There are 2 protein chains.
Amino acid sequence: MPVHQATCTAPVNIAVVKYWGKRNTSLILPTNDSLSVTLDQDHLRTVTSARADAAFGTLEQGPLQDRLWLNGHEEVVKPGGRLDACLTELRRLRAVLERDDPSLPPLSRWALRLCSENNFPTAAGLASSASGFAALAVTVAELYGLSETLSRSELSKIARRGSGSACRSLFGGFVAWDMGRLDSGDDSLAIPVAEREHWHDLHVLICVVNDGKKGTSSTSGMQRTVETSPLLQHRIQHVVPERMRRMRAAIQQRDFGAFTDLTTADSNNFHACCLDTAPPIFYMNDTSRAIVQVIEELNRARKEAGEEPMAAYTFDAGPNAVLYVREQHMPTVLRVVRHYFPGASFDDPFQLGPSEGLPSLPPSFREDVVPVHDAGCVRRLIHTRVGDGPRVLERGCGPASLLNEEGLPLRS
Amino acid sequence: MPVHQATCTAPVNIAVVKYWGKRNTSLILPTNDSLSVTLDQDHLRTVTSARADAAFGTLEQGPLQDRLWLNGHEEVVKPGGRLDACLTELRRLRAVLERDDPSLPPLSRWALRLCSENNFPTAAGLASSASGFAALAVTVAELYGLSETLSRSELSKIARRGSGSACRSLFGGFVAWDMGRLDSGDDSLAIPVAEREHWHDLHVLICVVNDGKKGTSSTSGMQRTVETSPLLQHRIQHVVPERMRRMRAAIQQRDFGAFTDLTTADSNNFHACCLDTAPPIFYMNDTSRAIVQVIEELNRARKEAGEEPMAAYTFDAGPNAVLYVREQHMPTVLRVVRHYFPGASFDDPFQLGPSEGLPSLPPSFREDVVPVHDAGCVRRLIHTRVGDGPRVLERGCGPASLLNEEGLPLRS
């Protein structure tokens, strides 16, 4: 008996024009376009194995009971929930194939076992729902034999039902999520803007910021902003459309100056709308703001010396900074960050080597822009770069599988 | 020889619809209307003595050299500066009187000595420019005998030339600054909205927040926002006009619920525009945000219990919180603030008495909304209430004078 299984990986993406607000919360249709950079799966990824087996239960026996393990813990698959919405759509597409070719095994009628692992700890403070739902959609599509007929953009609509920003993890490089206009959501999908190779020297430094505070979930936060912020409406109607145009151009031209101006302005604009919410939503903390001040001062001093900026910062729904930096400037940025925010754990895959103290900086750089912070304010640094799209690791149950022969997690 | 001198006081005001941005930086004409509450001069005030004397120099001897002492330190009076702009206009009006009545002493042709003191320390973190320029305008107008012909609204235009928000300190109670439309600024002035007696039980708690950071001055900050923030334009054109209408109504009706919603929303909207500036401007810090979270939770729990909110917070261009609270609720708010932010110095003129721990609160109040902070995060508490307008303390050189017989500061 063949094992009906696939194992795939999907990347993390970090938006440079932010998604904040849904026009349809059930279908997860956004109020504006967004654009992100896909990070390298060599460093940050979700791996997912999916298996269908009649032994797990069949439709003939009653409602299917799919099972899912996330990082070794079993999660409840809620009927009508987001995961269920993704699986239902994938099953529907598989059922069409089976109807057209009765020789196919009836996988759509069998329960699924799904096992998913992130190679980055939850403690890294990175949202894993984007890579998670992207990996889920790609893996089940692969298992169901849908990948040849279903484009990645089509598949992004299914990942979107799990988590909006997941749709952008269906491609590598630079990816736009077109908000679409249809009530059905059929035109709300991811479209590649540029391949990773187009701007291969774009590196990324994630600064994981220590934060005791319970955050506001992005799902509930964004709808509160939609309901209460007068500024968000202006962002949606006027700010983002113009920024999307200019961001596409900046990426096409590899114009790091424009890319930096747009990325930082959009991060700040998004957090401004959070602050304009009633009650206000705070994601950035004093350490986040100190990172902003150091990077702004670095860029200002560079500009004064007639040079392009050195780093673009962006913050998602949390205090962590993500810095986009050209490869050649990363040693400098790393030393600056480690000088002001000492004590972060750091294991650099690019082996830039340890360096103490401030590097040589543009002459007008004001060293007292912020004080040197207490050790551990920035808890961890992760160095990565722009990456490729989801990868199929294997079909069947081989060495990459996260499930054992019985369809249970290998690790727990 | 009579001494030509006057001594007056002027109050601090705290805006509930904020002023941020000038359409004319020289005349200090704002981009939107604003509205403030005047605080009680029994607790917070600037006192100013102004004397004119031929012995200080006369126009016949050359350009006049006015002298000014602020809190015991002599300041340079820059020709063409803001102080000079105020004095020039007051002299012009005095000269008209002297032309019409040649029996008047030619005070407009004599140099001035000005001495100004705040009864609150600079360390209290309160902007003193509003009360300072209001006291200056009122005192020199009194000295020049202008107060009978010049209305307080007319005088507010002169104070405005010193510091925009100073115009609102010309009245007690609730005061609007009408932005005006004329290029000359002749219709950009303060207008009383309601007397202090209209809403006499409106009390104020100022939470002075510890902050190591150098702030961005409001003068330079607001113009950077005008130049770079897309959201500010929306605030100016759409958000503020509607809020001014609703705020006037809330005050007329003494509707504390509406007053709270509008005050907090406008504070957050203003700080959102600061954050939307390039580079972003941060005034609130982690302690400021924790105060917001405590007050929002208190108001939420009250609302759930079917009661009106307990406190409205607002933040100016710094980390300090100003809370508006009905007198009857101040003991509760004080205990809550002192519970989460212990160790603040506090000398309550209303003698509400020391109280330890949390008072009885609405049942749904989540005590873990923020942790109890380290002692001193809030450095000082000041309890005051809505107050009256500028007061004339004396004409001539009596016991209230800040100047000695030689026209030098009594205290330094």
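Me: What does a side-chain oxygen of A:N285 reach at the start of α7(A)?
Reply: In this predicted model, that oxygen comes to within 2.9 Å of the backbone nitrogen of A:T287. A polar contact here is an N or O pair within 3.5 Å; within protein, one atom must be able to donate a hydrogen and the other to accept it, and residues adjacent in sequence count only if both atoms are side-chain atoms. Helices (H or I, at least four residues) and strands (E, at least two) are DSSP runs, numbered from the N terminus.

Me: And which residue follows α7(A), with what phi?
Reply: A:G306, with a positive phi near 80 degrees.

Me: How many residues of α7(A) are buried?
Reply: 14 of its 19, so the helix is largely enclosed by the rest of the structure. Buried means under 20% relative accessible area, exposed over 50%, partly exposed in between (1.4 Å probe, protein chains only).

Me: Switching to the sheet: what's the strand order in chain A?
Reply: β8-β7-β9-β6-β1-β17, an open sheet of 6 strands with mixed pairing. β8 (73-75) and β17 (391-395) are the edge strands, each pairing on one side only. Two strands pair if DSSP finds at least two bridges between them.

Me: How do β6 and β9 of chain A run, parallel or antiparallel?
Reply: Antiparallel, joined by 7 bridges. A:T48, for one, has A:S116 in β9(A) as its bridge partner.

Me: What are the ground rules?
Reply: Residues count from 1 along each chain as its sequence is written, while chains are lettered from A and ligands numbered from 1 in written order. Local features need pLDDT of at least 70, side-chain atom pairs 80 or more, totals for chains, interfaces and linings use all residues, and side-chain values use heavy atoms, leaving out hydrogens and water.
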